[in-house]
Amino acid sequence: MSQPTYAAQQTAARGPGILVVTGGTDGIGRALAERRLGLGDTVVIIGRAREKGEAFLAHAREIGAADRARLLRADLGLVAENRRVLDELRGAFPVIDTLVFCARHYRSDRAETAEGVEETFAHFYLSRYLLGHGLADALGRSAHPVVVNVAGPGAGLDVIRWDDLEFRDGYHGGAALGQAGKLNDLLGVVSAERYADAGLRYVLVHPGATVTSLSGQYDEATRRHIEEMQRTAKPLAQALEPIAAVVDRPPRQPLSAFVEGRELDVRTGDFDAAAARRLDEVTEVVLKKVPA
Ligand SMILES: NC(=O)c1ccc[n+]([C@@H]2O[C@H](COP(=O)([O-])OP(=O)(O)OC[C@H]3O[C@@H](n4cnc5c(N)ncnc54)[C@H](OP(=O)(O)O)[C@@H]3O)[C@@H](O)[C@H]2O)c1
C-alpha cells in the first residue's frame, strides 16, 4: 500500500511571520529564505560566507523588503557561536514562528572544531540541538510554531555509533553525515514530545539528491561523485517545493517526516523514543565537556 500523501495531513496556510534559516546563505536554505521573504516573512539567514549573505540582503533591497531581511554570520560548528546566535535572536525576536535547519558541510577527512568536537557532529547535529531547544520559548510564543529539520530522515538506528559518536575511529564523511542525519531524527522525537503542549510541529525532511552548492571539502573520489551529482541530481526548485509546502502549511501532528514529499511512518522503531532520550542525555554530557 502506498504511504499517505502530505496533502491529506496539512493545516491551514499560515500568514507572514518570523523565519530563521540556518544555511540560508546558499542552496535550499537560501531558496526558501527568498521565497518566504517574497511572501511577507521577516527572514533571518545564518551562514558563514559574507558575500553570499550580502547577496541575499541585496535581493531583499531589490524587492523592497530590506527591513524584513537579516544576516547573522556565524560558524555553527562552534558551541560558543550557537550561543551568541541564540542571544542575538532572543534579543531581537521574542516570537519566532519558523525555524529551518539547512546548514551542512561535507568533510572527506575528519576534523575537529577549535572546541575539540568532530566537525560534522558539531555543525550538523549539535548546532540543531542547541538552536532548537534554545529557541523553544520564542517558538512557543507563536500561534503556529514549526521547526523544519532538513537532513535525511528514515535511516535505521544501526547507523549510530553510540560508543564513538564523533568517529574517532574509522572516520568516513558519508557515514558521519548519515549518522548525524539519524541523530536529527531522534532530536525531532524528543523535541516533538517536549514541546507538543506549546503547539510545536517538528518536521523532518529529506530533499533527495539536489543540485546545490553541496558545500564541502572533498577528496578526489568524492569530488568526482559530487560533479556527477551536479549533472544528474534534481533541480533546486523541485527540491524546494515539498519543503516550502510544510513551511506554508505545517502537518497537524507534533512529529512528521518526509522523503522527497512522501510521508514516513514515525511510529516505527527508526524513531524510537528510548533511543531519543538516550541521545538527549549523551548530548548533554558532550556539551559539558566543551569549554565555556
Ligand atoms: N543537496 C542535496 O543533495 C541534499 C541531499 C540530502 C539532504 N540535504 C540537506 O539539505 C539541507 C540543505 O542542503 P544544500 O545542499 O541546499 O546546502 P548547500 O548548498 O551545500 O549549502 C550549505 C549551507 O550550509 C551553510 N553552512 C555550512 N557549514 C556551516 C557552518 N559551519 N556554519 C554555518 N553555516 C554553515 C552554508 O553557508 P556558508 O557557505 O555561508 O557558510 C550554506 O548556506 C542540508 O541540511 C542537507 O543535509 C541536501
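Trainee: Contact means heavy atoms within 4.5 Å. With that in mind, what do the buried residues of α8 pack against?
Mentor: This is a predicted model. In it, the buried residues of α8 pack against the strands β1, β4, β6, β7 and β9, and also against α1 (27-38).

Trainee: Which are the buried residues of α8?
Mentor: They are Ala 239, Leu 240, Ile 243, Ala 244, Val 246, Val 247 and Asp 248. As background, an α-helix has 3.6 residues a turn, so residues three or four places apart point the same way.

Trainee: Where does α8 bend?
Mentor: The bend is at Pro 242 and amounts to about 30°. From its first C-alpha to its last, α8 reaches 18 Å with 13 residues, close to the 18 Å expected at 1.5 Å a residue.

Trainee: Changing topic to the sheet: in what order do the strands come?
Mentor: Eight strands make up an open sheet, and the order is β3-β2-β1-β4-β6-β7-β9-β10, with mixed pairing. At the edges are β3 (69-73) and β10 (262-264), each of which pairs on one side only. On average, neighbouring strands of this sheet are turned by 20° against each other, direction ignored.

Trainee: Why is β9 largely enclosed by the rest of the structure?
Mentor: Five of its five residues are buried, so β9 is largely enclosed. Leu 255, Ala 257 and Val 259 lie on one side and Ser 256 and Phe 258 on the other, and both faces are covered.

Trainee: How many bridges join β7 to β9?
Mentor: There are five, and the two strands run parallel. Val 203 stands opposite Ser 256 in β9.

Trainee: Then which residue in β10 is the bridge partner of Phe 258?
Mentor: That partner is Glu 263. The pairing of β9 and β10 is antiparallel, over three bridges.

Trainee: Last one: which residue in the hairpin of β9 and β10 takes a positive phi?
Mentor: Glu 260 does, with a phi near 50°, and the hairpin has two residues between the strands.

Definitions and conventions: Residues are numbered from 1 along each chain as its sequence is written. This is a predicted model: local features need pLDDT of at least 70, side-chain atom pairs count only at pLDDT 80 or more; totals for chains, interfaces and linings use all residues. Side-chain values use heavy atoms; hydrogens and water are left out. Two strands pair if DSSP finds at least two bridges between them. Helices (H or I, at least four residues) and strands (E, at least two) are DSSP runs, numbered from the N terminus. Axes are lines fitted to C-alpha atoms, for helices over the stretch in contact, and angles run from 0 to 180 degrees between N-to-C directions. The expected span of a helix is 1.5 Å times one less than its number of residues. The bend at a residue is the angle between axes fitted to the seven residues ending there and the seven starting there. Buried means under 20% relative accessible area, exposed over 50%, partly exposed in between (1.4 Å probe, protein chains only).
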